[in-house]
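Let's walk through this fold together, starting with how its strands pair and ending with what gets packed inside. Keep the viewer open as you read.

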Amino acid sequence: NGNMCVGIWNDMLVIRIGTDGWDAICDAPHVRPMDLTGRVMRGWAMIAPEGVAEDDDLQRYVDMAIMFCAALPPKTRS
């Protein structure tokens, strides 16, 4: 639907999970808020490579992002 869901920044996995998703994982090892410019982006998280070294961990984070983004309205094109 045109909404960014997951990505890679440097060596970190970036996921869009909303504020409830962030609250669910904020204390997990290797997870930190997304902050690329000195300003935290609410509802996004960054996971260090150690946090996604196992396939199951990577899949869990990607699934969280897909579920959140699937519920967002489609982007409109101008």
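Predicted model: local features only at pLDDT ≥ 70, side-chain atom pairs only at ≥ 80, totals over all residues.

E3 and E4 run antiparallel and are joined by 4 bridges; strands here are DSSP E runs of at least two residues, helices are H or I runs of at least four, and both are numbered from the N terminus. Residues are numbered from 1 along each chain as its sequence is written, and side-chain values use heavy atoms, leaving out hydrogens and water.

Now zoom out to the sheet. Its 4 strands are ordered E1-E2-E4-E3, open and antiparallel, where pairing takes at least two DSSP bridges between two strands. E1 and E3 sit at the edges with a single partner strand each, so one side of each has no neighbour in the sheet. On average, neighbouring strands are turned by 35 degrees against each other, direction ignored.

Two helices pack on this sheet. H1 touches E2, E3 and E4, and its direction makes about 40 degrees with that of E4; H2 touches E1, E2, E3 and E4, at about 30 degrees to E2. Contact here means heavy atoms within 4.5 Å, and the angles, on a scale from 0 to 180 degrees, are between N-to-C directions of lines fitted to C-alpha atoms, for helices over the stretch in contact.

Which of its residues are buried, that is, under 20% relative accessible area with a 1.4 Å probe on protein chains only? They are Tyr-61, Val-62, Ala-65 and Cys-69. The face turned away carries Asp-56, Met-67 and Ala-70, which are exposed, meaning over 50%.

That brings us to the largest nonpolar core: buried Ala, Val, Leu, Ile, Met, Phe, Trp, Tyr and Cys residues joined through side-chain atoms within 4.5 Å. Of its 14 residues, those touching the most other members are Ile-15, Ile-17, Ile-25, Val-31, Ala-45, Ile-47 and Tyr-61. H2 gives the largest share, 3 residues. Apart from this core lies another, of 6 residues, including Met-12, Val-14, Met-34 and Trp-44.
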